[in-house]
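Have the coordinates open as you read.

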Amino acid sequence: MTRTVEGPIHRYTYRDAHTRARQLANALRALNVKLGDRIATLAWNTYRHFEVYYAVSGIGAITHTLNPRLHPSQLTYIVNHAEDSWIFVDLNLVPLVEAVADDIPSVRGVVVMTDKANMPDTSLANAICYEELVEGHADDFEWPEFDENTASSLCYTSGTTGNPKGALYSHRSTIIHAYGSALPDVLHLGENEVVLPVVPMFHVNAWGIPYGATMTGAKLVFPGAGLDGASVHELLATEGVTMTAGVPTVWLNLLNHWRETGTRAQSLKRVIIGGSACPESMIRAFQDEFGAEVRHAWGMTEMSPLGTVSIPKPSMTDPDGRMRKQVKQGRAVFGVQMRIVDDDGREVPHDGEAFGELQVRGPWITSGYFKHDQSEAHDHDGWFATGDVSTMDADGYMEVTDRAKDVIKSGGEWISSIEIENHAMSHPDVAQAAVIGLPHPKWDERPLLIVVPAKGKTPTHADMTAFLEDKVAKWWLPDDTVLTDELPLGATGKVLKAQLREQFGDHTFPETRS
Ligand code: AMP
């Protein structure tokens, strides 16, 4: 089921989807698309996007998903780097392609994902209507056989520093990841599940849900372009959704909507939250106020993306102890190996305290970036360096304390910004919080707490210090608190700390103010 970009609801079966994917496969052949060609999509989660996934990869070409939230200059860079030959674009994203059309010479044409009646007036030279393209072709198609290591899809990393790099997935890695994702203690997919991926198909293949759901026969509910709280709620409630997945920022909107309207989604059993650390306050809200279990998950574009899921073990019966596990990123999905190493490359003890860089290895961890030397991603043992700083406890639960580049070093010791943010967000006057390190004459760096207050509230630094005092070590307490209207978010919903460091770079801490 899809809420289409045009507006109406669309429903069909997996059998119908298969028929149309075969028609589209014939159409792609007619457009002269060959094995290994990159076919881009610039699209929301819809049934047409789903068909493109299967038709493009099914003929041995590569589905290259583009993120519509990227700046046009980044889109241009990515399309040119990938040398995409066609772009499939959603109706309301056509202007994005028009804006860069003169700068992407490899693109032979654009397919607008709508029917004839809704085709827009466009300045694009070679614009084809999706429905006309599909309908013009027969549905008998023999899927070709090729090596399982053939590339099937491509997604560029968010690239907050430097140019984005393309993580390439193979048919093999995609299938094995789908098996892993379907496991009961991972996404728990199956015929009795109704799954609404809020997480976009344009970023890491919506965490693999379009594959795992199809493999297991779960019903898919695609939200199209409507990702605000009210729209997501409507689909959750009317389609009997049992599981949904997305980054923390989208859930703030849904929780606000539920609280303001006094509604909830009765059928919802599980919410998978990842992409950024899920604060304890959000876990409590879903579980205690709205009756849905939160599964905190961690992964990366380069990991297809699932790496860990945090579910307390049945033997952990104490509610506070369970919560302490849920705020961690969790245990490895079977197939993913993890190790945490210090600056000298030695593994740190699994005591939940010792920090180090997290490295991963496994069948769905990318073997290299598109058009880059493989050694850029791996050391000689095949371990991939995640760039996340983390700890591992004796029960095998991994906890991310920071992105390596966001780490705060005070007096030679690391302070976890994520942990402070997590606590700060459980203050009733705080809607969102971010902690960054700013230069300090004595300690090198000290933490600054940046708070987006809850509606009508104005928490002070003294309030926040008093609140945090018994929750973190004394020397972790932020040196100052500033209020702001909103946090800058990147194209995948993560807080842009580099931008915050720029924005608040001139801030002086009280004790150093003259
Ligand atoms: P991306 O490749 O854009 O999906 O970003 C991957 C990065 O997001 C990871 O390396 C982490 O830094 C961060 N990340 C993903 N999930 C979580 C999580 N549950 N908690 C904290 N950070 C996360």
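D393 is buried, with a relative accessible area of 6%; here buried means under 20% relative accessible area, exposed means over 50%, and partly exposed is in between (1.4 Å probe, protein chains only). You will find D393 in the loop between β19 and β20, where helices (H or I, at least four residues) and strands (E, at least two) are DSSP runs numbered from the N terminus. Before going further, please note that this is a predicted model, in which local features need pLDDT of at least 70 and side-chain atom pairs count only at pLDDT 80 or more, while totals for chains, interfaces and linings use all residues. Residues are numbered from 1 along each chain as its sequence is written, and side-chain values use heavy atoms, with hydrogens and water left out.

What does D393 meet in a salt bridge? Its partner is K328, with an N to O distance of 3.0 Å between the side chains; a salt bridge is a side-chain nitrogen of Lys or Arg within 4 Å of a carboxyl oxygen of Asp or Glu. This pair links distant parts of the chain, since K328 sits in the loop between α12 (319-326) and β16 (331-332), and D393, 65 residues apart from it, in the loop between β19 (384-392) and β20 (398-403). K328 is buried as well, at a relative accessible area of 12%.

The side chains of D393 and K328 are also joined by a polar contact of 3.0 Å. That term stands for a pair of N or O atoms within 3.5 Å; within protein, one must be able to donate a hydrogen and the other to accept it, and residues adjacent in sequence count only if both atoms are side-chain atoms. Setting aside neighbours within four places in sequence, D393 is in contact (heavy atoms within 4.5 Å) with K325, K328, H350, D351 and G352.

Now turn to another charged pair. The side chains of R270 and E193 form a salt bridge at 2.9 Å, N to O. R270 lies in strand β13 and E193 in the loop between α6 (171-182) and β10 (194-197), so the pair ties together parts that are 77 residues apart in sequence. R270 is buried at 6% relative accessible area, and E193 is buried at 3%.

Compare that with R346 and D344, whose side chains meet in a salt bridge of 3.2 Å, N to O. Are these residues buried or exposed? R346 is exposed, and so is D344. Elsewhere, salt bridges that share partners join E6, R20, R48, E51 and E131 into one network. The structure holds 25 salt bridges.

Strand β13 (residues 270-273) also contains V271, which is buried with a relative accessible area of 0%. Not counting residues up to four places away in sequence, V271 touches T244, W251, F286, A292, E293, V294 and R295. The C-alpha atoms of V271 and V294 are separated by 4.9 Å, although these residues are 23 residues apart along the chain.

Let's step back to the domains. The protein is divided into domain 1 (12-146), domain 2 (173-403) and domain 3 (408-512), with bounds that come from an automatic or database domain assignment. The C-alpha centres of domain 1 and domain 2 lie 28 Å apart, and their contact takes 21 residues from domain 1 and 23 residues from domain 2.

Between them, domain 1 and domain 2 bury about 1,800 Å², 61% of it on carbon and sulfur atoms; buried area is the accessible area (1.4 Å probe) that two parts lose on being put together, summed over both. Y14, N45 and Y53 supply 40% of the area that domain 1 buries against domain 2, more than any other three residues.

Which polar links cross between domain 1 and domain 2? There are 11 residue pairs in polar contact, both residues at pLDDT 80 or more. On the side of domain 1 that touches domain 2, the elements giving two or more residues are α2 (47-58) and α3 (72-82), and α2 gives the most, with five residues. The count of salt bridges between domain 1 and domain 2 is one.
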